[in-house]
Structures are given as structure tokens and as C-alpha cells.
Amino acid sequence: MDLKFVQTTCPYCGTGCTFNLAVKDGKVVGSAPYQRSPVNLGKTCPKGTYAYEFVNSEDRLTTPLIKKGDEFVEATWDEAYALIAEKFKGYKPSEIACLSSARTSNEDNYAMMKLARGVFKTTHIDHCARLCHSSTVAGLAAVFGSGAMTNSIPDIEESKCVFIIGSNTFEQHPLIGRRVAMAKKKGAKVIYADPRYTPTARQADIYMQFKSGSDVAILNCMMHEIIKNGWEDKEFIANRTTGFEELKAVVMKDDYSPENVEKISGIPAAQLREAAEMYAKAGSGALLYSMGITQHTVGVDNVKSTANLQMVTGYLGRPGCGVNALRGQNNVQGACDMGALPVVFTGYQKVIDPAAHKKFADAWGFPDGICEPANGYEVTTLINVLADKPGEIKGLYIMGENPMLSDPNLNHAKHALENVEFMVVQDIFLTETAELADVVLPATCYAEKDGTQTSTERRVQKWRKAQDPPGQSKLDWKILAEVAAAMGYADQFTWETSEDVFNEMASLTPSYHGMTYERLDKPEALHWPCPEVDHPGTPILHTQKFGTPDGLGILTPLEWKAPAEVPDEEYPFVLTTGRCIWHWHTGTMTRHSETLDHEVPTGWIEINTEDAEKLGIADKEIIRAITRRGEVEVPAKVTDDIMKGVMFMPFHFKECAANMLTNDALDPVSKIPEYKACAVKVEKI
Ligand code: MGD
Ligand code: SF4
């Protein structure tokens, strides 16, 4: 028997835990701890522990498929490439769109970005960061000059007070949650604000339960109390920020007094006062947030509001502090860094900047040039264009995304995708989206490839190949390079290894410039920015100055605005949605993992005990949940963990898909949908 252990990085959440895959006779059969990781210190959550189980699932895609009539038939790679090239050559650049993937490596995303902009010459490329943290990128970039998590995961342990708002850290980033627990053991206080009494709430010294969608009011109220009592960091404000007087004029309004914010949020005024005092007086404060902040029509305002609080308290640029935006997908930070966005090349170099455009055009050397120096469609705009203007986009190439379960308002998304003339899906499973495709291409998963991913803390880590790919499946970047070759651009895609792709990318990307595969092999890897080969990486951003033109952080006066859809007589409850610890996003991988699927085999809707009593609904009863956009039948979970008037659904389960219900209203700046608040009613069946 041949048994070996291959160290790799978890393919689920943005924490970036390292573990070993156990490989017996060439097949992945289990996982084992890797003790030297400074991120997870040898531990993993259930998803990481069982991340080996889906790898050899019988349902993995193993051969290219081409749709003939309503059925897929197996095809050779050459047949699939020939068809893709024939179709895409027939479209104008503006008629093609590409969706890249936060589940694939940096190398795969770079290849997709180059294929889109260099071969298809389209500006329309985006990925699911749009649905997740586009408000973080837009919000933090505007006020700090960089749209990423400011501090590192180990650094959270140094905090004297951790303030978590809109993140169920202990369930969704469990190994970051463990850091919070470690900080607490050292004496830190924990303040938690969330509509649900989650496992994170159990760790809190102060737990503030509030109505989804009142974040700006709560944060303004905390600043109101801090400034009223003179607890703000006057030196930090004077030396490192701009706009304090304008901010003060708004937050000091009576609208944001604890009594008035109690009316908006449901949090008792006394608790708001207590939280503001505890936080401001702690001496160091790490603010952690996730999709509870970002997924709103005011997502960018929410993000800027968290930045305001951190600047007012001076909790930035030093250990135990920071705006810690906990990114969702394992490589959503990396996919953004790689330029899988409609406005930037790698490292956030703007497509509309003539110098950046020329730099990439020259380096890539496409004889007929690259895309226009213009911005493309965001995913959510693309879906609206597909739905409303059939024919404007004709060809769609999707790598590693499943919008048919992850997009809001699924009836609308389905209508949009059905309007695509020719769709390619490149995935590891035949997803709900792949079922609508004309060509499906089988890709390798994390266990079958070398590559890198960038975690939420900007740490760039390695994936290492543990087994051969199943059937004819291939590396994502390799497939994209072969598509490029079929389109006539083999000379621009001559990479032989993942490392070749990385080196090309790093040579064009200042924040990755000093990284090499050799340097990334160390257990601690490297945090960007890492501009030179002798640079140690940057675990904490903004230590001396911000990335804004004048180096100052921008305080932004913000008024609270209600969600786009609020409860009324017909739809009297607020619906909020998210994940559970056992499953990941659209469940493609976790539902192919026997252990995880066995733990939580289907979805549910959480209803407060008093609300359920009034409606005559029993625990586990199958009920109908209805919004203005759709309806689903789903088992009720009657619980006191959710506040009265609010309901919660996880979005992993196709048989009771939360996104049949959610609202596709968008934040005007980041274009993120409002997954976290819409109006719902429930009925007995
Ligand atoms: P995933 O399930 O992660 O969802 O939206 P998606 O990205 O669409 O889909 C990723 C796909 O990648 C899967 O089909 C998987 O099989 C495939 N895959 C995995 N590894 C590989 C690989 O190596 N190569 C290739 N080619 N494919 C691979 C997620 C999106 O969902 C996000 S990021 C968020 S934050 C949103 N959250 C959210 C919410 O909170 N509520 C509701 N209601 N909906 C939401 N939708 C959003
Ligand atoms: Fe994987 Fe995230 Fe769990 Fe770590 S916390 S094992 S990265 S899912």
C-alpha cells in the first residue's frame, strides 16, 4: 500500500485553513491535520475535515458534453473546442460575457481574465464577488484606498474588544471564530450584533439582536454616543482622517440617539450605550463583518459606516484593530485581485487607465489588440440585460459558478439565462446552471491541481496536487488556454505549468510582484502587498497612511435608509438568508460529501416561536413561503433564536431554494443584491 499526505488549502471559505489530504494508492481517501499553519493551528471545521469526500464522487464530470436537442451527449475535447471557437468567433466582443470563479485558483482566474480581454476582447467579465463583497471592494477602496481586509487572522487575538456585526463568524468562518475565542481567553470583550441568536451570540459579552437592514443606524448611534462622551480618538482623527466635522453633523443628530435607534433596530437604548462605551474604552478594537453588512441595497454605505467607526475610535493600522471584512468563497479575494471584475486588470489596475491598458496589451502581444479601454457589465447587470434585451449578449462562458441557485430572484435569473444563444459551463459537477448549457467542460478540483489562492486576510497560499484528475477532466487554466488556441491564439497561451501562469501574472501585478512559488511554500506564505522578492509581505495595512491620494482616511456622513422592500400587510415578515456550518453555497460539493449531507439533508425556514404560534405552525411542518417573486415549500424550524417578525433560510438547497424568494434590488454603487432583507409571508399547506 502506498500512503502519503499532501499539504493543501481548504476549498471552502475565505479563512484559508491548511490541512493534509491522505492519498492511498494514488486516490484521495481522507484528511489529516497540518499543525504548522499559522492560520488554523492544526484545526479544521466540519467542511474542511470532510473536504476530501466529494473529490471521488461518482457524479464528478469526466468528459465534455455537448447538447443535442434536449439531451447532453459525450464529446471529445476537440469537438467541444471546435464548437466553442466556431460560435464565439461569430460574435462581436460586446456580445460575449464571461463569469470567472472564486472557487478556482488565481492561475485559473488570471487565465479567464486574459481569455476574456485578450481573445474574446470583451469588457464583460465578473464573478460572484459581486454577490458577496462587491460593497467591501467599493466601500473600503473609496475611504481607505484599498478594498481588502486590513489586518490578519492571527492578529484578531491581540484585540481587547472584538465587535462582530453581520457575520456569524463561529459558524461561517469557524477558524476565525476560534481566534475570537482565543482573544476572549486573553481577556478581550466580544460585542455581537445580528438578527439571529447564532453560535457567535453565545460567545458575546453584549449581544444586540436587531431588525435586518438597520446597520447604518446602529453604527451611527455608537458614534453618536462615543462623540457625545468625548471617547473618540482625537489624535487619530486629526492626523489621519478627513471629513470629521461633516460626519459629526450627521451622527450627532437626534435621529441617531439610542432611543431613536431603538425604534429603528429593536436594540434597547441602554444596550446601545453599553456597547458604545465598552468598545470605545477598550484601547484596541477589531471590527469583523461579513455578508450581513454587504448584501443590502445600502451595502456600500454599511461598509463605509464600519470604516467610520474604526476611524473615530482610532482602531486602524495597528495590531488587534482593523476593518476585517471576512470574505466568503475560498478565493474570492484572489479572483478580484486577478482582475475577474468588469473594471480592472490584475491588482486593481484600471481598464480605463490608458497606461494600464497599454501595459497589458503590450505584455500579452495579441496581434489584433485587446478589449476596449472601457468598463463592462457586472454579473447582476448582465442578468438584467439578458432578461430585458435578448440578443444583446449572445455568448456566455461560465467557469465554476452556479447562478441558477446563487442569484437572487431565480425565476428572473432562469429567464435571463434561457435567453443566451450559446452557453459554456466549466465545472466539476453537472450543476443547475450546467444543465442549461450548450457545452459542459469537465474541470479538475482543488485536490487535483497545483496553484494558489488568496484568503480573506490577503494571504496567498498553495494548493498541491494530491491525485490525478478523474476521466478526461483538465485543469481550468489549461482548458481556457486550449480554447484560446482553438480561437487562433496559441502563441499567447504557452504556459506549461501553473507556476508559469503565476509568474506571468506576478510580473504584471505590483502587489504580487515579489511572490514566487518557492516563497509561498512556507507555512505562513505571504500577505500582499509584496512588491519585491525580499519584501516580507504586509499582514497589516495602513500602518502609516491610507492608500488615498493624500494618505488620509475619508470619514463619510451617512444617513440610514430602509431596505428596498419592507414588510406590509400582505407580506408581514422580513426574510434574511445565508449559510449553515455543514454546507457551502449552492451545495455542489457539500451535498456530494456523505458526512455533511447526512448531517443536514435539506433546508428549512426559521420562524420565531411566538410568530409560529400565532400562525398555527408546528416545528418541522412543511409550509409555503411566498414573496412577490416566487414561492417554495420548506420545513419550518420554530425557534427563539430568530427575533419576532424575522425569518431565516439557508440558500444551499435546490429543493427549497431561498433564491426563489429573494429580492434582486441592487446597491446603486456596487450592484450587490439585497439577499439579507425582503418581505415574506408564510402559509400552511
Ligand atoms: P457556488 O456554490 O460556490 O456558488 O455563488 P456561486 O459561486 O454561484 O458555486 C461554485 C461552483 O464552482 C460550483 O458549481 C462548484 O461545483 C464549482 N467548482 C468548485 N471547484 C471548482 C474548480 O476547481 N473548477 C471549476 N471549474 N469549478 C469548480 C456563490 C454566491 O452566492 C456568493 S459568493 C454569495 S456570498 C451569495 N450569498 C448568498 C446569500 O447569502 N443568500 C442567498 N440567498 N443567496 C446568496 N447567493 C450568493
Ligand atoms: Fe475550510 Fe473555512 Fe472550515 Fe477553515 S474555516 S476548514 S477554510 S471551511
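Mentor: Let's go label by label, setting each value against its definition.

Mentor: Before we start, this is a predicted model, where local features need pLDDT of at least 70, side-chain atom pairs count only at pLDDT 80 or more, and totals for chains, interfaces and linings use all residues. Residues are numbered from 1 along each chain as its sequence is written, chains are lettered from A and ligands numbered from 1 in the order in which they are written, and side-chain values use heavy atoms, with hydrogens and water left out.

Trainee: Why is Ala525 called buried?

Mentor: Buried means under 20% relative accessible area, exposed means over 50%, and partly exposed is in between (1.4 Å probe, protein chains only). Ala525 has a relative accessibility of 5%, so it counts as buried.

Trainee: What else stands out about the phi of Ala525?

Mentor: Its phi is positive, near 50°, and Ala525 is not a glycine. Most residues other than glycine have a negative phi, and most peptide bonds are trans. Ala525 sits in the loop between helix H21 (517-520) and strand E19. Asp25 is also a residue other than glycine with a positive phi, about 45°, and it lies in the loop between strands E2 (18-24) and E3 (27-33).

Trainee: How do you know where a helix or strand begins and ends?

Mentor: Helices (H or I, at least four residues) and strands (E, at least two) are DSSP runs, numbered from the N terminus.

Trainee: What joins Trp528 and Pro529?

Mentor: A cis peptide bond, with omega at about 0°. Pro529 is in the loop between E19 (526-527) and strand E20 (553-554).

Trainee: What puts the buried residues of H15 on the same side?

Mentor: Those residues are Ala356, His357, Phe360 and Trp364, in a helix spanning 354-364. They cover an arc of only 100° around the axis (taken from the directions from the helix axis to the C-beta atoms), so they share one side of H15. An α-helix has 3.6 residues a turn, so residues three or four places apart point the same way. On the other side of H15, Pro354, Ala355, Lys358 and Asp362 are exposed.

Trainee: Which helices do the buried residues of H15 pack against?

Mentor: Helix H3 (106-120) and helix H20 (498-507), where contact means heavy atoms within 4.5 Å. After H15 comes Gly365, with a positive phi near 65°.

Trainee: What covers the buried residues of H19?

Mentor: The cover includes H3, H20, helix H2 (77-89) and strands E14 (395-399), E15 (422-427) and E16 (439-442). Among the buried residues of H19 (476-486) are Trp477, Ile479 and Leu480. Just after H19, Gly488 has a positive phi of about 105°.

Trainee: Why is the pair Asp521 and Lys462 called a salt bridge?

Mentor: A salt bridge needs a side-chain nitrogen of Lys or Arg within 4 Å of a carboxyl oxygen of Asp or Glu. Asp521 and Lys462 have an N to O distance of 3.2 Å, and they meet in a salt bridge. The pair links distant parts of the chain, 59 residues apart, with Asp521 in the loop between H21 and E19 and Lys462 in strand E18 (459-463). Lys462, at 9% relative accessible area, is buried, whereas Asp521, at 38%, is partly exposed.

Trainee: How many salt bridges does the rule count?

Mentor: The count comes to 42. One of them joins Lys234 to Glu232, with the closest N and O atoms 3.9 Å apart. Glu232 is buried, at 13% relative accessible area. Glu157, Glu158, Arg179 and Lys186 are linked in a network of salt bridges.

Trainee: What area do domain 1 and domain 3 bury between them?

Mentor: About 810 Å², 65% of it on carbon and sulfur atoms. Buried area is the accessible area (1.4 Å probe) that two parts lose on being put together, summed over both.
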